[in-house]
Amino acid sequence: MATPLSDSALSPLSPLKTIAVVGLGTMGTGIAEVLAKAGREVIGIDISEARTAQALATLEAATTRAVARGRLTEEERARALARVRTATDLGAAADADLVIEVAPESYEIKQQIFRELDGIVRPGTILATGTNALSVTRLAAGSARPERVLGLHFFNPAPAMKLVEVVSSVLTAPQAVAAVTDLAIELGKEPVAVGDRPGFVADGLLFGYLNQAAAMYEARYASREDIDAAMRLGCGLPMGPLALLDLIGVDTARTVLEAMYAESRDRLHAPAPILKQLSEAGLTGRKSGRGFYTYEAPCSGTVVPDALTPAADASPVAGREVRSVGVAGSGTMASGIAEVFAKAGYDVVLAARSEEKAQAAKARIGTSLSRSVDKGRLTAEAAARVLDRITPAGSYDAFAEVDLAVEAVAEDLEVKRQLFATLDKVCKPGAVLATTTSSLPVVACARATSRPQDVIGMHFFNPAPAMKLVEVVRTVLTADDVHATVREVCAKIKKHAVDCGDRAGFIVNALLFPYLNNAIKMVQEHYASLDDIDAAMKLGGGYPMGPFELLDVVGLDVSLAIEKVLHREFRDPGLAPAPLLEHLVAAGCLGRKTGRGFREYARR
């Protein structure tokens, strides 16, 4: 039973100089390395001498690599290793100022450790759990010193990852939080203060996204390779979600999701059945040598081909010949796509609703090419040749001879249908008709024509000249040779094509926007601040931008529209747009373009 905070609990804490780490697996050993390099005395504790010897060997190897890379001197390495001693008995923690428990994710195991520590450590010692899935409050309540118990969640690999989540329960003394926060700063980490709920900030957002990716793969909507490539290239992530699940451990992900679902009852957190199947089969990812992918050996990061690896030339049919391309539209996306095709050597007709708009779009391409020349990416002569390949037109009649017509007009289904009806009339037989929609049904565009077999989705990402990804979206009516044509064209324009079916969000938006929506819900529920959430996802998840930075760049109105499309398509209550997002859009706070969204910006 929890006891009230005593006067001693509220007294100033002694500096955290001697720190015990209980559990010397990958994470515990990494934490020990961080502490030793920062000048702390470290007591590493595990259940057997074999485990402690392995941890010491790992530390020696890691510090040797650090010396070789110039990050440590040989003298600093020797001093760091001398600060680490190991034991197989919790009694070795008697003199510790702080104990960090990094045992398996089990209430029974962790509570047993805390009960034993209660009878060993000094009254002022802080007890920290490294859990990312279990309730810190529940662990604290089982301790004789709940005011000294908190969460200290490092990220893997601990020496490299800057984020540390400092997790308070309702029982935690502020002095304990302050002492551990100061320690994290002294270790060179970025501490983020969060409350006690499964997953905290970073994993709370990350694991919902990983779970949806696993479910997408299980439904055979897209291949594992295409899902991972889409999120790396479309969002700038360091790893795809399925590769990341293998790195984390499929069994660990399942445990975290079970804990999240037990609290939220949000179906997005209910572990995808494939996670259970893989876990119970022992296919837990890299550590077992096989998970979503197959690896060279257990604990290896080298992927090797298996029965699911796609063949180098997966298309059984040849595509149609494409020599000229029509791009419909005059906005940023249309001009970017026209630039991409012209750079690849295609003759491009850039058509808009008026000659003036088409000329303005070509001028925008000229400006873009000039920037490339200034940066040394193109010669002035090459830029001039690219621009010469683009013919502006004020009517779609100019598409009469193009082999591929790509529309990039407003994201409005009726506008697109009307355009496809026009393309059906003006384009020659056999021309491929493509839509760049990011959220609307491709088949609805196809049905506006008399040749739905020739219609396909080519979802470019903004800015089109820089972004490598194109989502190739087949409908149930798309002909095989049309699909093959677009794949061949993507290769020629040096884009990475991923295949997916015609459903809301395709791959990237279907995984990205629920994650963004969940971040908004965290702020709405006053769980964490905008700045802490953005920091957590950049530092803990390797995201190039935090969710609120990204929402303000994309536009809150655009984000809301995509959320609504996803909610309508999948009918999942967890996908309903966060009310805070709806309120901001209603108030005209749309992000950077209006000067205010989740944050305020200087007006240009």
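I began with a definition: two strands pair if DSSP finds at least two bridges between them. Helices (H or I, at least four residues) and strands (E, at least two) are DSSP runs, numbered from the N terminus.

I noted that this is a predicted model, in which local features need pLDDT of at least 70 and side-chain atom pairs count only at pLDDT 80 or more, while totals for chains, interfaces and linings use all residues. Residues are numbered from 1 along each chain as its sequence is written, and side-chain values use heavy atoms, with hydrogens and water left out.

**Entry 1: strand β14**

I looked up what stands opposite Val406 of β14, and found Val327 there, while in β15 the bridge partner of Val406 is Ala434. Strand β11 (residues 324–328) runs parallel to β14 and is joined to it by 4 bridges, and β14 also pairs in the parallel sense with strand β15 (residues 432–435), again over 4 bridges.

Which way do the residues of β14 point? Leu404 and Val406 point one way and Ala405 and Glu407 the other, and all are buried, where buried means under 20% relative accessible area, exposed over 50%, and partly exposed in between (1.4 Å probe, protein chains only). In a regular strand the side chains alternate between the two faces of the sheet.

**Entry 2: the sheet**

I then traced the open sheet of 8 strands, whose order is β13-β12-β11-β14-β15-β16-β17-β18, with mixed pairing. Its edge strands are β13 (390–393) and β18 (496–501), each of which pairs on one side only.

**Entry 3: helix α14**

I looked up helix α14 (residues 355–374), which lies across β12 and β13 and runs at about 155° to β13; axes are lines fitted to C-alpha atoms, for helices over the stretch in contact (heavy atoms within 4.5 Å), and angles run from 0 to 180 degrees between N-to-C directions.

Which residues of α14 are buried? They are Ala358, Ala361, Lys362, Ile365, Gly366, Ser368, Leu369 and Ser372. They cover an arc of only 165° around the axis, taken from the directions from the helix axis to the C-beta atoms, which puts them on the same side of α14. The face turned away from that buried side carries the exposed residues Glu356 and Asp374.

I also noted that what covers the buried residues of α14 includes α13 (332–343), β12, α15 (380–388) and β13.
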